[in-house]
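Please consider the sequence and the structure shown below.

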Amino acid sequence: MKNECNIIRDILPLYTEHMVCSDTAELVEEHLRRCAACRKEYERERKPQAIQVTEESAPLRNLKKKMATKRLQTIALTAVFVAVLLISAFAVLDAPVYAPYSEELLTVTPIGDHGIQITFDARVTDFNYRIYPAPDQENLYYCDVEAWSSLWDRWFSSDNGQQSVVVSPSEPYPITVMYIPNDGTENICVYGDAGDEGRITLPRLSLGVYQILALIALGITTIIWLATGKKPAIRIWVERAGLYPLSYAVSYFIVCGFHRTSYAPQRDFFLIFFLSFLLYCGLLLAHNIWRIKKEMKEINR
Ligand SMILES: [Zn+2]
(Lines give C-alpha, C1' and ligand atoms only; values in the text may rest on other atoms or scores of the structure.)
Protein backbone atom coordinates (compact mmCIF):
# COMPACT_ATOMS: atom_id res chain seq x y z
CA MET A 1 0.00 0.00 0.00
CA LYS A 2 2.76 2.44 1.00
CA ASN A 3 4.55 1.66 -2.20
CA GLU A 4 1.46 2.44 -4.28
CA CYS A 5 1.09 5.78 -2.47
CA ASN A 6 4.65 6.72 -3.45
CA ILE A 7 4.00 5.88 -7.09
CA ILE A 8 0.73 7.84 -7.09
CA ARG A 9 2.41 10.88 -5.50
CA ASP A 10 5.08 10.79 -8.18
CA ILE A 11 2.40 10.93 -10.82
CA LEU A 12 0.17 13.50 -9.04
CA PRO A 13 1.86 16.67 -10.43
CA LEU A 14 1.44 15.30 -13.95
CA TYR A 15 -2.12 14.21 -13.17
CA THR A 16 -3.15 17.67 -11.90
CA GLU A 17 -1.76 19.17 -15.12
CA HIS A 18 -3.73 16.62 -17.15
CA MET A 19 -0.54 15.28 -18.63
CA VAL A 20 -1.19 11.55 -18.12
CA CYS A 21 -2.91 9.05 -20.37
CA SER A 22 -6.43 7.93 -19.56
CA ASP A 23 -5.29 4.57 -18.08
CA THR A 24 -2.95 6.28 -15.62
CA ALA A 25 -5.64 8.86 -14.79
CA GLU A 26 -8.07 6.03 -14.03
CA LEU A 27 -5.50 4.40 -11.79
CA VAL A 28 -4.87 7.67 -9.88
CA GLU A 29 -8.59 8.38 -9.48
CA GLU A 30 -9.22 4.89 -8.23
CA HIS A 31 -6.45 5.27 -5.64
CA LEU A 32 -7.61 8.74 -4.55
CA ARG A 33 -11.07 7.32 -3.86
CA ARG A 34 -9.57 4.81 -1.44
CA CYS A 35 -6.69 6.79 0.11
CA ALA A 36 -7.41 9.89 2.22
CA ALA A 37 -3.72 10.80 2.61
CA CYS A 38 -3.14 10.96 -1.14
CA ARG A 39 -6.43 12.84 -1.60
CA LYS A 40 -5.13 15.47 0.78
CA GLU A 41 -1.89 15.63 -1.17
CA TYR A 42 -3.86 16.00 -4.38
CA GLU A 43 -5.91 18.89 -2.96
CA ARG A 44 -2.71 20.62 -1.91
CA GLU A 45 -1.26 20.09 -5.35
CA ARG A 46 -4.29 21.70 -6.94
CA LYS A 47 -4.39 24.78 -4.71
CA PRO A 48 -1.62 26.87 -6.29
CA GLN A 49 -3.35 26.35 -9.59
CA ALA A 50 -6.62 27.54 -8.08
CA ILE A 51 -4.90 30.75 -6.96
CA GLN A 52 -3.45 31.18 -10.42
CA VAL A 53 -6.93 30.95 -11.91
CA THR A 54 -8.22 33.87 -9.79
CA GLU A 55 -5.11 35.84 -10.70
CA GLU A 56 -5.80 35.29 -14.34
CA SER A 57 -9.35 36.51 -13.97
CA ALA A 58 -8.16 39.82 -12.49
CA PRO A 59 -6.92 41.22 -15.83
CA LEU A 60 -10.10 39.88 -17.38
CA ARG A 61 -12.18 41.80 -14.83
CA ASN A 62 -10.01 44.83 -15.49
CA LEU A 63 -10.61 44.49 -19.21
CA LYS A 64 -14.37 44.23 -18.69
CA LYS A 65 -14.28 47.34 -16.52
CA LYS A 66 -12.31 49.18 -19.19
CA MET A 67 -14.78 48.15 -21.87
CA ALA A 68 -17.67 49.45 -19.74
CA THR A 69 -15.80 52.74 -19.21
CA LYS A 70 -15.13 52.98 -22.90
CA ARG A 71 -18.81 52.47 -23.68
CA LEU A 72 -19.85 55.22 -21.23
CA GLN A 73 -17.20 57.58 -22.55
CA THR A 74 -18.32 56.95 -26.11
CA ILE A 75 -21.88 57.93 -25.17
CA ALA A 76 -20.61 61.07 -23.41
CA LEU A 77 -18.41 61.89 -26.40
CA THR A 78 -21.40 61.68 -28.75
CA ALA A 79 -23.38 64.06 -26.51
CA VAL A 80 -20.49 66.54 -26.36
CA PHE A 81 -19.99 66.31 -30.13
CA VAL A 82 -23.67 67.12 -30.74
CA ALA A 83 -23.45 70.10 -28.34
CA VAL A 84 -20.32 71.39 -30.12
CA LEU A 85 -22.08 71.13 -33.48
CA LEU A 86 -25.17 72.98 -32.22
CA ILE A 87 -23.16 75.80 -30.63
CA SER A 88 -20.95 76.11 -33.73
CA ALA A 89 -24.06 76.39 -35.89
CA PHE A 90 -25.44 79.02 -33.51
CA ALA A 91 -22.16 80.97 -33.59
CA VAL A 92 -22.19 81.09 -37.39
CA LEU A 93 -25.91 81.76 -37.83
CA ASP A 94 -26.10 84.37 -35.07
CA ALA A 95 -22.97 86.29 -36.11
CA PRO A 96 -23.84 89.97 -36.59
CA VAL A 97 -23.87 91.15 -40.20
CA TYR A 98 -23.57 94.93 -39.84
CA ALA A 99 -25.81 96.98 -42.07
CA PRO A 100 -24.01 99.40 -44.42
CA TYR A 101 -25.36 102.92 -44.13
CA SER A 102 -28.17 104.09 -46.34
CA GLU A 103 -30.72 106.85 -45.87
CA GLU A 104 -33.54 104.40 -45.20
CA LEU A 105 -31.56 102.47 -42.60
CA LEU A 106 -32.46 104.67 -39.65
CA THR A 107 -34.49 107.79 -38.99
CA VAL A 108 -34.06 110.06 -35.99
CA THR A 109 -36.92 112.24 -34.75
CA PRO A 110 -36.83 114.62 -31.78
CA ILE A 111 -39.03 113.74 -28.80
CA GLY A 112 -39.95 116.20 -26.04
CA ASP A 113 -37.44 118.94 -25.28
CA HIS A 114 -34.26 116.87 -25.16
CA GLY A 115 -34.90 113.35 -26.38
CA ILE A 116 -34.79 111.52 -29.68
CA GLN A 117 -36.37 108.44 -31.15
CA ILE A 118 -34.31 106.24 -33.46
CA THR A 119 -36.31 104.01 -35.78
CA PHE A 120 -34.61 101.31 -37.87
CA ASP A 121 -35.45 99.79 -41.21
CA ALA A 122 -37.25 96.41 -41.01
CA ARG A 123 -34.09 94.64 -42.25
CA VAL A 124 -32.37 95.53 -38.98
CA THR A 125 -33.03 92.86 -36.39
CA ASP A 126 -30.73 94.06 -33.65
CA PHE A 127 -28.98 97.25 -32.65
CA ASN A 128 -26.81 98.77 -30.01
CA TYR A 129 -26.32 102.36 -28.92
CA ARG A 130 -24.10 104.23 -26.53
CA ILE A 131 -24.74 107.78 -25.36
CA TYR A 132 -21.95 109.82 -23.80
CA PRO A 133 -20.97 113.49 -23.27
CA ALA A 134 -18.84 114.80 -26.12
CA PRO A 135 -15.20 114.71 -25.03
CA ASP A 136 -14.21 117.66 -27.22
CA GLN A 137 -17.23 119.95 -26.69
CA GLU A 138 -19.33 121.07 -23.76
CA ASN A 139 -23.12 120.79 -23.59
CA LEU A 140 -23.28 118.14 -26.27
CA TYR A 141 -23.98 114.42 -26.31
CA TYR A 142 -22.83 111.83 -28.76
CA CYS A 143 -24.92 108.79 -29.51
CA ASP A 144 -23.09 105.98 -31.37
CA VAL A 145 -25.41 103.52 -33.09
CA GLU A 146 -24.68 100.08 -34.58
CA ALA A 147 -27.29 98.02 -36.42
CA TRP A 148 -27.16 94.50 -37.76
CA SER A 149 -29.02 91.36 -38.66
CA SER A 150 -27.81 87.77 -38.82
CA LEU A 151 -28.16 84.78 -41.13
CA TRP A 152 -30.53 83.26 -38.60
CA ASP A 153 -32.76 86.37 -38.67
CA ARG A 154 -32.67 86.51 -42.45
CA TRP A 155 -33.58 82.86 -42.91
CA PHE A 156 -35.90 82.11 -40.04
CA SER A 157 -37.60 85.26 -38.71
CA SER A 158 -40.39 86.12 -41.11
CA ASP A 159 -41.76 89.30 -39.57
CA ASN A 160 -39.46 91.53 -37.54
CA GLY A 161 -41.28 94.83 -37.93
CA GLN A 162 -39.47 98.07 -37.35
CA GLN A 163 -37.46 98.47 -34.21
CA SER A 164 -37.08 101.75 -32.41
CA VAL A 165 -35.60 103.19 -29.27
CA VAL A 166 -36.11 106.42 -27.33
CA VAL A 167 -32.92 108.05 -26.11
CA SER A 168 -33.12 110.86 -23.56
CA PRO A 169 -30.00 112.09 -21.80
CA SER A 170 -30.27 113.47 -18.27
CA GLU A 171 -29.47 117.03 -19.32
CA PRO A 172 -31.23 119.00 -22.07
CA TYR A 173 -28.22 119.18 -24.38
CA PRO A 174 -28.33 118.60 -28.12
CA ILE A 175 -27.44 115.12 -29.36
CA THR A 176 -25.31 114.16 -32.33
CA VAL A 177 -26.16 110.69 -33.60
CA MET A 178 -23.34 108.83 -35.36
CA TYR A 179 -23.91 105.64 -37.30
CA ILE A 180 -21.04 103.15 -37.00
CA PRO A 181 -20.93 100.89 -40.06
CA ASN A 182 -18.27 98.52 -38.60
CA ASP A 183 -16.79 97.81 -42.02
CA GLY A 184 -13.69 99.97 -41.88
CA THR A 185 -15.40 103.01 -43.38
CA GLU A 186 -15.97 106.37 -41.68
CA ASN A 187 -18.70 106.86 -39.11
CA ILE A 188 -21.64 108.83 -40.49
CA CYS A 189 -23.47 111.67 -38.79
CA VAL A 190 -27.20 111.02 -39.13
CA TYR A 191 -28.60 113.65 -36.76
CA GLY A 192 -27.45 116.90 -35.17
CA ASP A 193 -24.18 118.73 -35.68
CA ALA A 194 -21.57 116.74 -37.51
CA GLY A 195 -18.86 117.12 -34.89
CA ASP A 196 -16.95 113.91 -35.04
CA GLU A 197 -16.98 113.33 -38.77
CA GLY A 198 -14.07 111.38 -40.21
CA ARG A 199 -13.73 109.04 -37.25
CA ILE A 200 -13.42 105.34 -37.93
CA THR A 201 -14.32 102.81 -35.28
CA LEU A 202 -11.77 100.03 -35.46
CA PRO A 203 -12.41 96.43 -34.54
CA ARG A 204 -10.88 95.17 -31.31
CA LEU A 205 -7.68 93.17 -31.49
CA SER A 206 -7.71 91.43 -28.10
CA LEU A 207 -9.21 88.15 -29.34
CA GLY A 208 -6.65 87.91 -32.13
CA VAL A 209 -3.93 88.21 -29.48
CA TYR A 210 -5.42 85.30 -27.52
CA GLN A 211 -5.53 83.26 -30.70
CA ILE A 212 -1.84 83.90 -31.32
CA LEU A 213 -1.09 82.89 -27.69
CA ALA A 214 -3.10 79.69 -28.18
CA LEU A 215 -1.13 78.86 -31.34
CA ILE A 216 2.16 79.50 -29.52
CA ALA A 217 1.07 77.22 -26.63
CA LEU A 218 0.12 74.57 -29.16
CA GLY A 219 3.54 74.85 -30.78
CA ILE A 220 5.34 74.53 -27.42
CA THR A 221 3.35 71.46 -26.37
CA THR A 222 4.05 69.88 -29.76
CA ILE A 223 7.79 70.37 -29.24
CA ILE A 224 7.59 68.91 -25.70
CA TRP A 225 5.54 66.03 -27.09
CA LEU A 226 8.21 65.25 -29.68
CA ALA A 227 10.93 65.47 -27.01
CA THR A 228 9.17 63.03 -24.66
CA GLY A 229 8.81 60.28 -27.25
CA LYS A 230 10.32 57.63 -24.99
CA LYS A 231 8.37 58.54 -21.84
CA PRO A 232 4.76 57.51 -22.48
CA ALA A 233 3.64 58.39 -18.92
CA ILE A 234 4.67 62.05 -19.38
CA ARG A 235 3.53 62.08 -22.97
CA ILE A 236 -0.08 61.38 -21.97
CA TRP A 237 -0.13 64.52 -19.82
CA VAL A 238 1.53 66.60 -22.54
CA GLU A 239 -1.19 65.43 -24.93
CA ARG A 240 -3.91 66.29 -22.42
CA ALA A 241 -2.43 69.77 -21.88
CA GLY A 242 -1.95 70.42 -25.59
CA LEU A 243 -5.58 69.65 -26.34
CA TYR A 244 -6.72 72.92 -24.72
CA PRO A 245 -4.86 75.38 -26.98
CA LEU A 246 -5.99 73.17 -29.87
CA SER A 247 -9.61 73.45 -28.71
CA TYR A 248 -9.25 77.21 -28.34
CA ALA A 249 -7.72 77.66 -31.79
CA VAL A 250 -10.46 75.57 -33.43
CA SER A 251 -13.20 77.40 -31.51
CA TYR A 252 -11.75 80.75 -32.53
CA PHE A 253 -11.81 79.66 -36.14
CA ILE A 254 -15.46 78.55 -35.85
CA VAL A 255 -16.56 81.85 -34.28
CA CYS A 256 -14.30 84.39 -36.04
CA GLY A 257 -13.07 82.57 -39.14
CA PHE A 258 -9.79 83.95 -40.43
CA HIS A 259 -10.44 87.45 -39.02
CA ARG A 260 -7.93 88.59 -36.46
CA THR A 261 -10.26 91.30 -35.14
CA SER A 262 -13.80 91.52 -33.89
CA TYR A 263 -16.46 94.24 -33.74
CA ALA A 264 -18.33 92.26 -31.08
CA PRO A 265 -15.50 91.05 -28.84
CA GLN A 266 -17.66 90.26 -25.81
CA ARG A 267 -20.04 88.04 -27.74
CA ASP A 268 -17.20 86.36 -29.60
CA PHE A 269 -15.12 85.81 -26.49
CA PHE A 270 -18.00 84.21 -24.59
CA LEU A 271 -18.77 81.90 -27.51
CA ILE A 272 -15.13 80.95 -28.07
CA PHE A 273 -14.62 80.25 -24.37
CA PHE A 274 -17.76 78.13 -24.04
CA LEU A 275 -17.10 76.25 -27.26
CA SER A 276 -13.43 75.61 -26.44
CA PHE A 277 -14.42 74.22 -23.02
CA LEU A 278 -16.89 71.78 -24.58
CA LEU A 279 -14.47 70.84 -27.34
CA TYR A 280 -11.75 70.23 -24.74
CA CYS A 281 -14.04 67.86 -22.79
CA GLY A 282 -14.79 66.03 -26.04
CA LEU A 283 -11.14 65.75 -27.04
CA LEU A 284 -10.14 64.48 -23.57
CA LEU A 285 -12.83 61.79 -23.84
CA ALA A 286 -11.72 60.84 -27.34
CA HIS A 287 -8.12 60.70 -26.13
CA ASN A 288 -9.11 58.34 -23.28
CA ILE A 289 -11.17 56.09 -25.55
CA TRP A 290 -8.30 55.90 -28.02
CA ARG A 291 -5.90 54.91 -25.21
CA ILE A 292 -8.24 52.18 -23.90
CA LYS A 293 -8.61 50.85 -27.43
CA LYS A 294 -4.84 50.71 -27.81
CA GLU A 295 -4.43 48.94 -24.46
CA MET A 296 -7.07 46.36 -25.35
CA LYS A 297 -5.36 45.69 -28.65
CA GLU A 298 -2.10 45.04 -26.76
CA ILE A 299 -3.86 42.66 -24.32
CA ASN A 300 -5.42 40.72 -27.19
CA ARG A 301 -2.09 40.28 -28.90
ZN1 LIG B 1 -2.20 6.55 -1.07
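The structure is a predicted model, in which local features need pLDDT of at least 70 and side-chain atom pairs count only at pLDDT 80 or more, whereas totals for chains, interfaces and linings use all residues. Residues are numbered from 1 along each chain as its sequence is written, and side-chain values use heavy atoms, with hydrogens and water left out.

The interior is the starting point. In soluble globular proteins, nonpolar side chains tend to be buried together. A nonpolar core is here a set of buried Ala, Val, Leu, Ile, Met, Phe, Trp, Tyr and Cys residues joined through side-chain atoms within 4.5 Å. Buried means under 20% relative accessible area, exposed over 50%, and partly exposed in between, with a 1.4 Å probe and protein chains only. The largest such core contains 18 residues, and those with the most contacts inside it are Leu106, Ile116, Ile118, Phe120, Val145, Val177 and Tyr179. At least two residues of this core come from each of strand 2 (106-111), strand 3 (115-120), strand 5 (141-149), strand 6 (164-167) and strand 7 (175-179). Strand 5 supplies the largest share, four residues. Helices (H or I, at least four residues) and strands (E, at least two) are DSSP runs, numbered from the N terminus.

Not counting residues up to four places away in sequence, Ile118 touches Leu106, Thr107, Val108, Cys143, Val145, Gln163, Ser164, Val165 and Val167, where contact means heavy atoms within 4.5 Å. Apart from this core lies another, of 16 residues, including Ile87, Tyr252, Ile272 and Leu278.

The pockets come next. On a 1 Å grid over the protein atoms alone, a pocket is an open set of points where a 1.4 Å probe fits, with protein on both sides within 12 Å along at least five of seven lines, and lining residues have an atom within 4 Å of a point. Grid points are joined across faces, edges and corners, and a volume is the space filled by probe spheres set on the points. The largest pocket has a volume of about 380 Å³. Its lining comprises 16 residues, of which Pro96, Val255, Cys256, His259 and Asp268 lie nearest its centre. Helix 6 (232-256) and helix 7 (265-300) are the elements that give two or more residues to this lining, and the largest share, three residues, comes from helix 6. The lining divides into nine nonpolar, five polar and two charged residues; Ala, Val, Leu, Ile, Met, Phe, Trp, Tyr, Cys and Pro count as nonpolar, Asp, Glu, Lys and Arg as charged, and the others, Gly among them, as polar.

The second largest pocket has a volume of about 240 Å³. Its lining residues include Trp225, Arg235, Glu239, Trp290, Arg291 and Lys294. Helix 6 and helix 7 each supply at least two residues of the lining, with helix 7 giving the most, five residues. This lining consists of four nonpolar, one polar and six charged residues.

Charged side chains also meet one another elsewhere. The whole structure holds eight salt bridges, each defined as a side-chain nitrogen of Lys or Arg within 4 Å of a carboxyl oxygen of Asp or Glu. Arginine 46 and glutamate 43 form one of them (3.6 Å, N to O). Because these residues are three apart in helix 3 (residues 36-94), about one helical turn separates them. Aspartate 121 and arginine 123 meet at 2.4 Å, N to O; aspartate 121 is buried at 16% relative accessibility, whereas arginine 123 is exposed at 52%. Aspartate 144 and arginine 130 form a salt bridge at 3.9 Å, N to O. This pair links distant parts of the chain, with aspartate 144 in strand 5 and arginine 130 in strand 4 (residues 126-133), 14 residues apart. Aspartate 144 is buried at 7% relative accessibility, while arginine 130 is partly exposed at 48%. Lysine 70 lies in helix 3 and is buried, at 19% relative accessibility. Neighbours within four places in sequence aside, lysine 70 is in contact with Ile289, Ile292, Lys293 and Met296. Serine 247, in helix 6, is buried at 0% relative accessibility. With neighbours within four places in sequence again left aside, serine 247 is in contact with Ser276, Leu279, Tyr280 and Leu283.
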